[in-house]
Every structure is written in C-alpha cells, then in structure tokens.
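Dear colleague,

I am passing on the structure we spoke about, with the sequence alongside. Please have it open while you read the notes below.

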Amino acid sequence: SDGRGSRTAWRHFACAAAGLFAAIAPLGAQATPAENTRHSIWLVYGGDHAMSQRVGVIFDTQLRLTQDAEHQQQLLVRPGVSYAVNSHVKLSAGYALMASREDGSDPLSPRRPEHRAWFSAQLAHDLGPVSFVHRYRGEHRWLSGVQVDDTGARLGETWVSAERMRYSLRASIPLASRGRARAMYLSASDEVFASFGGYAGNVAV
C-alpha cells in the first residue's frame, strides 16, 4: 500500500506541474503585440491521502491569477473524504469554497463567494500501458448574487442555488517502470460540465 500511495502522490505532483507549466504560458500569443501580452498563473495542489486501506482524506486547492497576477484572482479550497470500494471504484464527498477577487492586491477578501456540497464516483482501469480514470461528480451550489426588480434596479444581495454535473477523463502513462516506488507519469485530462435547476441559467460557471 505504501508503494501505491507514493505513486499516487507522484501522479498528483506530475499533473499539478503540467497544469502550472501550461497556465503560465502567454495568453493570446498568436499575432498579439508584445506590449499587450499578459500572463496567467494557476497553482494547483490535489491530494488523496490514505488513512487506512479504504478510507482517505482529500484536500484540493487552487489559486488562479490573471493579467500578470493583478486581476481576477480565484481561490478554491475543496476538502473531503474518500472510500475505496475496491481497487477500481472509489466514492468521495465533501465541501468546496470558491472565492473570487477582482483586485489582485487583496487575495484574502473574497467577492461573492460560492459554497458547494459535492459527491463523486471514480472508476479506474488500465488499457495496455495507459491508465484511465473516469470521474463522475455532482455539485449542489450556493451562489451569492444581486437581487433586482423588473426594471433591473438593484434591491440587494441574495443567495441562489443550482445543480451541476461533471464528467472528467484522465489518461496517464508511466515514464518509468511501474515497479519503482517513485515513478513519473505523463497525464492528460479533460472535463465537461452540465448545470441545471435553480439559478443555473443565469450564473456563469
């Protein structure tokens, strides 16, 4: 189990490093004047730490900075617990906070935070040397917004709710022998979202 835990930790590290490398690339580099080029930084940590043979503690956090770290910061904190049904299926649930801030100089004072309760089911399998992970996640979201009347005049702050389903697929291939405790992996992933119910149609996600 220690070997599997080490490989999982290194896989998370490899994914985070790849995400950071992609995030700091210049935005709009195609035919964009050098004086208008801005950079984004996306710092990611994701971990599922085993507490026993089946139970684990999840902690994910992300910090997103745009326009050379001066505008539209987002901070995501997502703790949870996981339960391994078997070697291929894992269930998990938890809470998430998404806080946004337009002023890059004040990252600790969120503007309209979003709260989420989430649950997910994960299916893992191998196809030759490639490992696949399918994740199905449901979220109940509490979003802060502005209440307006029929003319669009602002009445005050309010809270609305919405549901969202997510499906992600990740493929990983080892760059070193799987028998080594600290193998490096090359991973690629993508995710699709579907919002419904409540206020979903009027909320940017």
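**What was found**

D60 lies in strand β2, which covers residues 55-66. Please keep in mind throughout that this is a predicted model. With a relative accessible area of 15%, D60 is buried, because the limit for that class is under 20%. A polar atom of the D60 side chain lies 3.4 Å from the backbone nitrogen of G47.

On the surface there is a nonpolar patch formed by M51, V55, V57, Y83, V85 and L91, which together have about 500 Å² of accessible area. One of these residues, L91, belongs to strand β4 (residues 89-103), and its relative accessibility of 40% makes L91 count as partly exposed.

As for the aromatic residues, a search of the whole structure finds one aromatic pair. The pair is made by Y136 and Y167 and is tilted, with 5.1 Å from centre to centre and 40 degrees between the planes. Distant parts of the chain are linked by this pair, since Y136 is in strand β6 (residues 130-148) and Y167 is in strand β7 (residues 154-174), 31 residues apart. Y136 is partly exposed at a relative accessible area of 43%, and Y167 is also partly exposed, with a relative accessible area of 27%.

Finally, there is a contact between a charged side chain and a ring: R137 lies over the face of W118, at 4.4 Å from the ring centre.

How values were computed: Residues are numbered from 1 along each chain as its sequence is written. This is a predicted model: local features need pLDDT of at least 70, side-chain atom pairs count only at pLDDT 80 or more; totals for chains, interfaces and linings use all residues. Side-chain values use heavy atoms; hydrogens and water are left out. Patches are made of residues with over 30% relative accessible area and no salt bridge: like charges are joined within 9 Å, nonpolar side chains (Val, Leu, Ile, Met, Phe, Trp, Tyr) within 5 Å. Accessible areas come from the Shrake-Rupley method with a 1.4 Å probe; for residues, only the protein chains shown count as cover. A salt bridge is a side-chain nitrogen of Lys or Arg within 4 Å of a carboxyl oxygen of Asp or Glu. Helices (H or I, at least four residues) and strands (E, at least two) are DSSP runs, numbered from the N terminus. Buried means under 20% relative accessible area, exposed over 50%, partly exposed in between (1.4 Å probe, protein chains only). Rings of Phe, Tyr and Trp (its six-membered ring) pair if their centres lie within 6.5 Å; planes under 30 degrees apart count as stacked, over 60 as edge-to-face and the rest as tilted. A charge sits over a ring if NZ of Lys or CZ of Arg is within 6 Å of the ring centre and within 35 degrees of the ring normal. A polar contact is a pair of N or O atoms within 3.5 Å; within protein, one must be able to donate a hydrogen and the other to accept it, and residues adjacent in sequence count only if both atoms are side-chain atoms.
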